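Please read the points alongside the sequence and the model.

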Amino acid sequence: MPLTRKAAINTANVLSEALPYIQRFSGKTVVIKYGGNAMIDEKLKDSFARDIVMMKLIGINPIVVHGGGPQIGDLLDKLAIESHFVNGMRVTDSKTMDVVEMVLGGMVNKDIVGLINRNGGKAIGLTGKDGMLLGARKLKVKHKSPEMEAPEIIDIGHVGEVDHVNTSVLDMLSNSDFIPVIAPIGVGADGASYNINADLVAGKVSEVLQAEKLILLTNISGLMDKEGQVLTGLSTTQVDDLIEDGTIYGGMLPKIDCALSAVKSGVTSAHIIDGRVEHSCLLELFTDEGVGTLISNHPPKVSN
């Protein structure tokens, strides 16, 4: 059905508004952590894929890092492998790590690659083991209770943190027509596989590449104040103050820490956005309003 004149004018206005942002971000790298509802809802999945393809077509270099916790949990349940958590992190023994690699490096990664390709992109799926992309070390988890003189170190198995990123792999892909899609599995110096939090991987990749933006898709509207209003245009100092006064707490802290670390390490800005909104990435990148929380060292007057 052809557009009405009014709809056509609206489309032209949208493109006109986006032009300064397109010019500003062309040639720049944007790292997107993909997870939550945006990975489950079919309409949102297509919306996300089209956003990524659009970015690449207009000259931006998107790099996707994905999670997959619920999918891992589902398969572990089907295989009758019990899950245990310490400080919110899944204890990952050898059997569980096999499932993690199967789900993240296989099923979830290839689903995202296929989704982007069906929408006109050229995605290539990677784990941190491909080309030694993500060097990892075992994550040491400390636990302390009031009666303990010193915290104990708990071994949670094959759970790691990023030791280094092989940027040559990403440079090769990003400088071509290809879109890297990364599963957060790292490899240790001894060749062992490690499950790494996807937010941490996205943050570290954005840091080493000195990306223009780090975008973290979430299931909330953004960072909120104590009255429930979304905060944006925040400096790193303001975010530190919000942590100090208790506005930011609980499950939001790891994402905020990841965003803060990226911006303090040279990433121009970090965005915590609502992945439940269709085309949330494009809205945040190319409109004056945006759909989430922007953090930078020198926040601009608009939300981008």
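A cavity is a set of grid points where a 1.4 Å probe fits but cannot get out, and lining residues have an atom within 4 Å of a point. The model is predicted. It holds 1 cavity of 30 Å³ or more, and a UniProt annotation, from an unreviewed entry, marks a "binding site" elsewhere in the list of topics below.

**The largest cavity**

- About 50 Å³ of space lies in the largest cavity.
- Its lining consists of A38, L44, S47, F48, D51, L217, G275, V277, H279, S280 and C281.
- By residue class, the lining comprises 6 nonpolar, 4 polar and 1 charged.
- Helices α2 (42-57) and α9 (280-286) each contribute at least two residues to this lining, and α2 gives the most, with 4 residues.

**The annotated binding site**

- The "binding site" annotation in the unreviewed UniProt entry covers G68, G69, R90 and N195.
- These positions gather at one spot, because no two of their C-alpha atoms are more than 12.4 Å apart although they span 128 residues in sequence.
- G68, G69, R90 and N195 also belong to the lining of the largest pocket.

**R90**

- R90 is located in strand β4 (residues 89-90).
- Its relative accessibility is 13%, so R90 counts as buried, the cut-off being under 20%.
- A polar atom of the R90 side chain lies 3.4 Å from the backbone oxygen of G69.
- Beyond its neighbours within four places in sequence, R90 is in contact with G69, I72, G73, L76, S83, H84, F85, T96, I156 and V159.

**N195**

- N195 belongs to strand β12 (residues 193-195).
- With a relative accessible area of 14%, N195 is buried.
- Not counting residues up to four places away in sequence, N195 touches T92, M97, V100, L104, H158, V159, G160 and P184.

**K33**

- K33 is part of strand β1 (residues 29-34).
- The relative accessible area of K33 is 10%, so this residue is buried.
- The side chains of K33 and D199 are joined by a polar contact of 3.1 Å.
- Leaving aside neighbours within four places in sequence, K33 is in contact with V65, G67, A198, D199, A202, I215, L216, L217 and K255.
- One of these contacts, L217, is also one of the residues lining the largest cavity.

How values were computed
Residues numbered from 1 in each chain as written. Predicted model: local features only at pLDDT ≥ 70, side-chain atom pairs only at ≥ 80, totals over all residues. Heavy atoms only, no water. Buried < 20%, exposed > 50% of the residue type's maximum accessible area, 1.4 Å probe, protein only. Polar contact = N/O pair within 3.5 Å; in protein donor to acceptor, adjacent residues only side chain to side chain. Contact = heavy atoms within 4.5 Å. 1 Å grid on protein atoms, 1.4 Å probe; cavity = no way out; pocket = protein on both sides within 12 Å on 5 of 7 lines; lining within 4 Å. Points joined across faces, edges and corners; volume = space filled by probe spheres on them. Nonpolar A, V, L, I, M, F, W, Y, C, P; charged D, E, K, R; others polar. UniProt positions renumbered as here; feature names shortened; annotations may be inferred.
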